[in-house]
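Here are my notes on the model below. Please read them with the structure open.

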Amino acid sequence: MSLREIRKKGDEVLTKRCRPYTDFNDHLHTLMDDLQDTLIDSGGVGLAAPQVGVLRRAVVVLETNVSDDEEPYVIEMVNPTIIATEGEQDGPEGCLSVPGVFGQVKRPEKVTVKAFDRYGNEFTVDGEGLTARAFCHELDHLDGHLFLEVAERILTDEELEAMSEDDEEYEEDD
């Protein structure tokens, strides 16, 4: 397991469509371990294989919708496909491949994804709120798209600062 370099906007690999996995082997297992380590180290919420230079359909997403006595955990998805969406959320979104830039993006409030685990077992997983946003964002990467393409607008530093202050006030109210 090791940390991989996160590719940045302008790197051609981020514009390419990824190929599906057909062999659920040690190479895939190593990639999934590295994606998870790189995600945790970065402080992000999700990471897709093309963001570390691998043109394959694999992503990891941090599930943060957990109870107070649970730790967030990583959801690994190979060859993921969105099979259902519900509702709508409109909020700020950023990307590890586009550091320091945030846009206002509409995404579904709830998302169901069909995928495989690293061993080739099919499963479905539901995401809500931030997790649903991350599912959509990471699956966009697999088709060569950045959030900038779906952002209604880029947020200014002043808007981001105001949002940060609102979050701090909310945390103090808890």
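**Notes on the pocket and the sheet**

1. Three elements each supply at least two residues of the lining of the largest pocket: β4 (89-95), α2 and α3 (157-173). Helices (H or I, at least four residues) and strands (E, at least two) are DSSP runs, numbered from the N terminus. α2 gives the most to this lining, with five residues.

2. A word on the basis. This is a predicted model, where local features need pLDDT of at least 70, side-chain atom pairs count only at pLDDT 80 or more, and totals for chains, interfaces and linings use all residues. Residues are numbered from 1 along each chain as its sequence is written, and side-chain values use heavy atoms, with hydrogens and water left out.

3. The largest pocket holds about 550 Å³ of space. A pocket is found on a 1 Å grid over the protein atoms alone, as an open set of points where a 1.4 Å probe fits, with protein on both sides within 12 Å along at least five of seven lines; lining residues have an atom within 4 Å of a point. Points are joined across faces, edges and corners, and the volume is the space filled by probe spheres set on them.

4. Which residues lie nearest the centre of the largest pocket? They are V45, P92, E93, G94 and F102, out of 20 lining residues. The lining divides into nine nonpolar, seven polar and four charged residues. Here Ala, Val, Leu, Ile, Met, Phe, Trp, Tyr, Cys and Pro count as nonpolar, Asp, Glu, Lys and Arg as charged, and the others, Gly among them, as polar.

5. Now the sheet. It is open, has five strands in the order β1-β2-β3-β6-β7, and pairs antiparallel. Two strands pair if DSSP finds at least two bridges between them. β1 (46-48) and β7 (122-128) are the edge strands; each has a single partner, so one side of each has no neighbour in the sheet.

6. Follow the pairing across. β1 and β2 (residues 58-63) share three bridges, with A48 partnered by V59 in β2. β3 and β6 pair over six bridges; I82 stands opposite V113 in β6. Seven bridges join β6 to β7, where V125 is the bridge partner of V113. β6 and β7 form a hairpin with five residues between them, and G120 in the turn has a positive phi of about 95 degrees.
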